[in-house]
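Good morning, colleagues. I would ask you to have the sequence and the model open while I speak.

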Amino acid sequence: MNKIGIGLIGCGTVGSGLIRNLPHANPLLAERLGIQLEIRGIAVRDPSKPRPSLPVQPISDWKIVVADPSVQIILELVGGTDEAFQIAEACLKAHKPLVTANKALLAERGQELIPLAQKSGTPIYFEASVAGGIPVLKALREGLVANQLLGLHGIINGTSNYILSRMVEAGSDFATALQQAKDLGYAEADDRLDVDGIDAAHKASILCLLAYGFLPKFSEIPVEGIRKITAQDVSFARQLGYVIKLLAMVRPIGNEQIEVRVAPTLVPALHPLASVHGAFNAVGLIGNLSGPVQFTGRGAGPDATSSALLADLAEAAKNVRDKSPGPLFPKVDRKARLIAPNDSVGRFYVRIEVEDRPGVLAQVAGIFGSEKIGISSVLQPEGHGAGSVPLVFLLESASVSSLQKAVALIAKLPNTRQPAMIMRVEDLT
Ligand SMILES: NC(=O)c1ccc[n+]([C@@H]2O[C@H](COP(=O)([O-])OP(=O)(O)OC[C@H]3O[C@@H](n4cnc5c(N)ncnc54)[C@H](OP(=O)(O)O)[C@@H]3O)[C@@H](O)[C@H]2O)c1
């Protein structure tokens with residue numbers, strides 16, 4: 001039996017979950033792959049902190065763990081992009097394969113890390129960085145490797161999905177649903193990464209890298225979160241036959257452009273994505289040969305993340321044992337670039353608050369018409385606050401720039417009140 005030495009850097013929520021799950025996974029790995037994983041070093045920020053029993057005494061200096069000759073693979077579970085980058089760089093210099101769950105590191109510093117990994121000829125395994133227990137990166141790397149990807153979309157942040165599900169199921173407003181997510185431990189005290197779409201955008205970048213060999217510049221990805229969604233929007237979406245989800249979209253536009261975005265999006269109530277509730281994730285892929293494929297499962301949490309980490313550790317260990325280089329980042333020469341956000345084309349939901357006067361609907365509809373934007377549905381409910389009514393439009397396909405022009409003209413009408421609420425609509429056919 002081949003015993004492979006693992007160095008664990010970071011032993012918080014995910015790291016301690018892995019330590020708990022390893023003794024149960026090892027007999028399966030022995031039976032199925034003929035390998036055993038053995039933790040031979042652990043580094044944490046504060047070794048004096050009380051924690052459940054660990055297989056080795058933790059230390060504070062991760063460099064000692066990386067340099068330990070009995071450690072063959074490093075598992076980075078520190079998080080963030082600074083210290084984690086230094087750890088990754090040290091592993092690559094030492095030619096020790098790196099396994100990580102750190103999506104921020106890959107999405108924000110992948111442009112620096114990938115060339116280092118290529119130069120070193122050392123693999124980085126990162127299945128756990130996207131969609132927790134769903135083996136979607138492996139599906140892209142292996143099962144769908146002969147397909148051209150026509151596009152992919154996903155609900156890849158469980159916290160936002162939990163909040164939106166509460167808003168749909170219990171009619172909660174955003175603030176109440178966010179508090180419930182915090183009370184249940186789904187949302188961090190600092191909720192910005194989840195609720196403002198940044199975590200989903202990190203994962204969308206990684207999916208783009210795997211699907212199209214192109215890692216977008218992170219700061220150029222258009223990202224919108226879910227804070228502005230009201231209980232009213234959830235109800236209007238339902239009346240129109242849709243459900244609001246925080247959706248990541250990645251798709252090629254022609255030969256050289258790729259669209260990557262994260263935004264609250266109306267998806268048809270009958271589409272399988274609409275029934276992905278609570279903290280679950282889902283990723284849909286469309287291969288030219290496979291057709292549509294959808295994965296659903298737990299997107300985070302120590303057990304689901306352990307599933308992905310153990311799979312990566314097993315693959316890394318097998319490659320170490322077999323002296324195989326493992327999956328290296330391909331040198332991609334592709335001249336891809338992100339589509340400019342204003343050039344993006346799609347359907348939109350627009351809610352405008354207007355004074356309740358005759359003729360306003362015709363004025364607003366006239367402006368959409370003047371910008372050549374078709375209207376597929378309108379809701380004009382009665383009985384809203386003093387003298388103001390919401391007007392809700394579901395629009396036909398339009399570019400972001402023409403929509404913005406129309407909305408700016410509508411805002412100048414004497415009878416409009418607040419800025420328009422705009423969301424994407426994806427029919428996902
Ligand atoms: N939580 C999830 O469900 C989940 C799911 C998928 C991916 N991830 C990713 O997994 C990674 C870890 O997340 P987590 O939730 O486990 O974080 P966490 O609970 O905050 O744990 C971080 C760990 O890193 C240690 N650490 C911090 N700075 C260090 C340093 N300089 N040297 C050595 N150790 C250091 C901390 O030590 P102390 O214990 O002494 O503080 C702690 O053990 C992140 O990249 C996250 O995005 C998390």
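On one side of helix α7, Ala175 and Asp183 are exposed. This is a predicted model, in which local features need pLDDT of at least 70 and side-chain atom pairs count only at pLDDT 80 or more, while totals for chains, interfaces and linings use all residues. Residues are numbered from 1 along each chain as its sequence is written.

A word on terms. A residue is buried if 20 or more other C-beta atoms lie within 10 Å of its own, exposed if 12 or fewer, and partly exposed in between, with C-beta atoms placed from the backbone. Helices (H or I, at least four residues) and strands (E, at least two) are DSSP runs, numbered from the N terminus.

Which residues of helix α7 are buried? In this helix, residues 174-183, they are Phe174, Ala177, Leu178 and Ala181. These four cover an arc of only 100° around the axis, so they lie on the same side of α7; the arc is that of the directions from the helix axis to the C-beta atoms. The buried residues of α7 pack against α6 (158-169) and α8 (192-195), where contact requires C-beta atoms, placed from the backbone, within 7 Å.

Just after α7, Gly185 takes a positive phi of about 80°. Glu188 sits in the loop between α7 and α8, and it counts as partly exposed because it has 14 C-beta neighbours inside 10 Å.

Two further residues deserve attention for their backbone. Most residues other than glycine have a negative phi. His95, although not a glycine, has a positive phi of about 55°. His95 lies in the loop between α3 (83-93) and β4 (98-100) and counts as exposed, because it has 9 C-beta neighbours inside 10 Å. Lys372, also not a glycine, has a positive phi of about 60°. Its place is the loop between α12 (360-370) and β13 (375-379), and Lys372 counts as exposed, with 10 C-beta neighbours inside 10 Å.

Leaving aside neighbours within four places in sequence, the contacts of Ile9 include Ala43, Trp62, Leu75 and Ile87.

Next, the domains, whose bounds come from an automatic or database domain assignment. The protein chain is assigned domain 1 (2-132 + 302-321), domain 2 (146-297) and domain 3 (341-425). The centres of domain 2 and domain 3, taken over C-alpha atoms, are 24 Å apart. Their contact takes 15 residues from domain 2 and 13 residues from domain 3. On the domain 2 side, α10 (231-239), β7 (242-253) and β8 (257-268) each supply at least two residues.

Terms used
Two residues are in contact if their C-beta atoms, placed from the backbone, lie within 7 Å.
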